[in-house]
Amino acid sequence: MRLQSIELREFRNHREARFDLRGDSVLVTGENGSGKTNLIEAVVLLSIGRSFRGARDPALTRRGAATFEIRGLVEDRLGVTSEIVARGEDVAVLNGGPASRRRFLDVALCQLESAYVGSLRDYTAALRQRNRLLIAERHGPGTDPNEWSAWEEILARTGVALDRRRRTLCAEMGRNLRELSQQVDPTLDPTVEYHDGFGDSGTLEEAAVATRLQLLERARPRDRRMGWTMNGPHRARLHCAIGGEELSEGASRGYSRLYSILLRLALARAFEERQNDPPVVLLDDPESELDPRWIGRVLKLVPESSQLVVTACRELSETPSRYRRLPIDAAALASSAA
Amino acid sequence: MQYSSALLETVITELTRLPGLGRKSAQRIAFHLLRSPEGDAKRLAQSIVDLKAKVEDCRICGNVTETQPCAICADSRRDNSVICVVEQPMDVLAIERTGEFRGSYHVLKGALSPIDGIGPEQLKLSELIDRVKPGGVVEVIVATNPTAQGEATALYIARLLQNVPGLRVTRIARGVPMGSDLEFSDQVTLARALSGRKEI
């Protein structure tokens with residue numbers, strides 16, 4: 001996918017602005033509060049229909065306006081739209097506990113593998129139903145064992161599918177992560193590992209399903225006491241470490257930020273390898289909290305074929321010459337004095 | 001807003017209880033009925049009364065019918081050794097429209113969903129066992145929806161009937177819509193059709 005231009009009307013602090021994004025790499029510069037992140041948010045909104053800040057429409061509309069408008073012109077082959085965003089807040093996503101790390105994987109896999117969407121939907125639905133059975137049976141008479149098995153078979157089958165696809169992607173990202181980090185600093189040693197708690201990756205799919213089915217059946221009394229299903233992909237963990245330190249425990253902020261960007265570039269490479277269409281890479285203010293000596297090297301890691309949009313307050317400490325400069329003031333046709 | 005006629009108000013209130021009808025639509029229908037010829041309104045009212053009085057569940061298959069058993073169950077040309085299990089009476093219509101199925105039906109009146117308080121007891125499953133047990137049925141085709149609830153119901157039926165001698169329990173395949181280009185079919189359906197592929 002290639003972004004040609006983005007037009008914003010009454011969006012966040014932009015009254016009317018047009019960004020010409022043609023060319024491979026664009027560096028958007030502007031002061032703090034000039035609306036750089038808002039531009040990145042608009043691109044994502046256009047792609048997934050939702051704000052990454054979790055904001056609802058009224059918050060996205062410029063104060064005093066009734067509606068906002070985002071128009072994007074893309075040059076694209078049919079159907080494939082993907083982008084990789086790396087922002088300062090990503091560190092929080094990876095540090096936000098196992099659930100937000102799993103969501104990171106789920107979002108990536110839903111874009112990469114169509115079958116993943118169906119498995120995830122069925123797994124989530126069956127999980128809610130089994131959890132309801134667990135609670136219902138605490139009060140009432142025993143449920144028919146076939147009813148338990150019916151839900152558990154869906155959980156086992158889709159659970160194995162989810163775990164395998166997640167593990168494969170993590171292995172790909174781990175490989176890419178190692179290669180990419182070599183070019184930044186060979187001593188970093190970043191890792192990403194998926195732990196589902198089953199350890200059945202080496203077995204045949206059918207055997208793994210059968211084993212999980214038994215595990216779920218045996219866990220019924222315990223799960224009933226707890227009131228929820230305690231094993232499965234919804235409990236899996238993504239271990240992220242750099243310099244031998246787990247991100248959420250000992251890693252420094254600078255290392256965490258670097259890891260977070262590297263992980264997304266590793267994902268961008270996985271997208272590039274799997275699809276013919278490289279993703280658009282959006283790097284929002286990479287200089288914040290990142291050691292300046294890393295910047296130039298990190299920027300070189302973006303897949304050659306990807307379009308890159310970087311934002312910064314001013315010229316980067318090492319701005320590659322192929323980047324086209326786009327001062328944000330020049331894009332504003334009529335900007336409010338926000 | 002309240003109308004000056006309490007009767008009109010009653011009709012509007014009753015209509016808003018129907019699925020998919022908001023107050024605006026209910027008002028439009030009520031005023032339409034008020035202005036329409038008396039015969040039209042009477043026919044509508046009578047048909048609704050008859051519907052409740054005369055339409056019931058077939059005692060064999062559970063489909064809606066005015067006769068006992070229903071026309072499909074009574075049809076001697078249909079194959080009673082094959083039973084197609086569906087969630088709702090509307091699903092019978094859908095399969096009948098294909099003209100491909102000459103067996104009989106069994107309507108469950110729903111699908112398993114503990115969240116909605118629906119367990120095996122709430123579905124017409126004991127009736128299905130009663131039909132299968134005496135023998136003579138060679139195949140049960142489970143045609144519940146391709147949702148998690150439909151799948152769980154299918155798996156439940158498979159387990160329920162696994163020990164009936166001489167009986168095959170099958171599940172309808174998931175596929176790609178006819179007449180459409182693969183390029184445009186939704187990716188989840190296409191992915192599932194791929195995993196459910198078969199030899200030709």
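Visitor: Which residues lie nearest the centre of the largest pocket?
Guide: First, this is a predicted model: local features need pLDDT of at least 70, side-chain atom pairs count only at pLDDT 80 or more, and totals for chains, interfaces and linings use all residues. Residues are numbered from 1 along each chain as its sequence is written, chains are lettered from A and ligands numbered from 1 in the order in which they are written, and side-chain values use heavy atoms, leaving out hydrogens and water. The pocket (an open set of points on a 1 Å grid over the protein atoms alone where a 1.4 Å probe fits, with protein on both sides within 12 Å along at least five of seven lines) has lining residues with an atom within 4 Å of a point. There are 36 of them, and nearest the centre sit A:Arg157, B:Arg174, B:Arg192, B:Ser195 and B:Gly196.

Visitor: Which element gives the most to that lining?
Guide: Elements here are DSSP runs numbered from the N terminus: helices (H or I, at least four residues) and strands (E, at least two). Among those giving two or more residues are H5 (114–139) and H7 (205–218) of chain A, plus strand E6 (168–171) and helix H8 (187–195) of chain B. With nine residues, the top giver is H6(A).

Visitor: How do helices H4 and H9 of chain A pack, roughly parallel or oblique?
Guide: Their axes (lines fitted to C-alpha atoms over the stretch in contact) are 11 Å apart, at about 20°. Angles run from 0 to 180 degrees between N-to-C directions, and under 35 degrees counts as roughly parallel, over 145 as roughly antiparallel, 65 to 115 as roughly perpendicular and the rest as oblique. So H4(A) and H9(A) are roughly parallel.

Visitor: Which residues of H7 in chain B touch H6(B)?
Guide: The axes of H6(B) (residues 125–132) and H7(B) come within 12 Å and cross at roughly 40°. That makes the pair oblique. Contact means heavy atoms within 4.5 Å. On the H6(B) side we find B:Leu125, B:Leu128 and B:Ile129, and they meet B:Tyr156, B:Ile157 and B:Leu160.

Visitor: Where is the cis peptide bond next to B:Pro69, and in which loop does B:Pro69 lie?
Guide: Most peptide bonds are trans. The cis one joins B:Gln68 and B:Pro69, with omega about -10°. As for B:Pro69, look in the loop between strand E2 (64–65) and helix H4 (71–74) of chain B.

Visitor: What is phi of A:Glu10?
Guide: Most residues other than glycine have a negative phi. A:Glu10 sits in strand E1 (residues 2–11) of chain A. Its phi is positive, near 55°.
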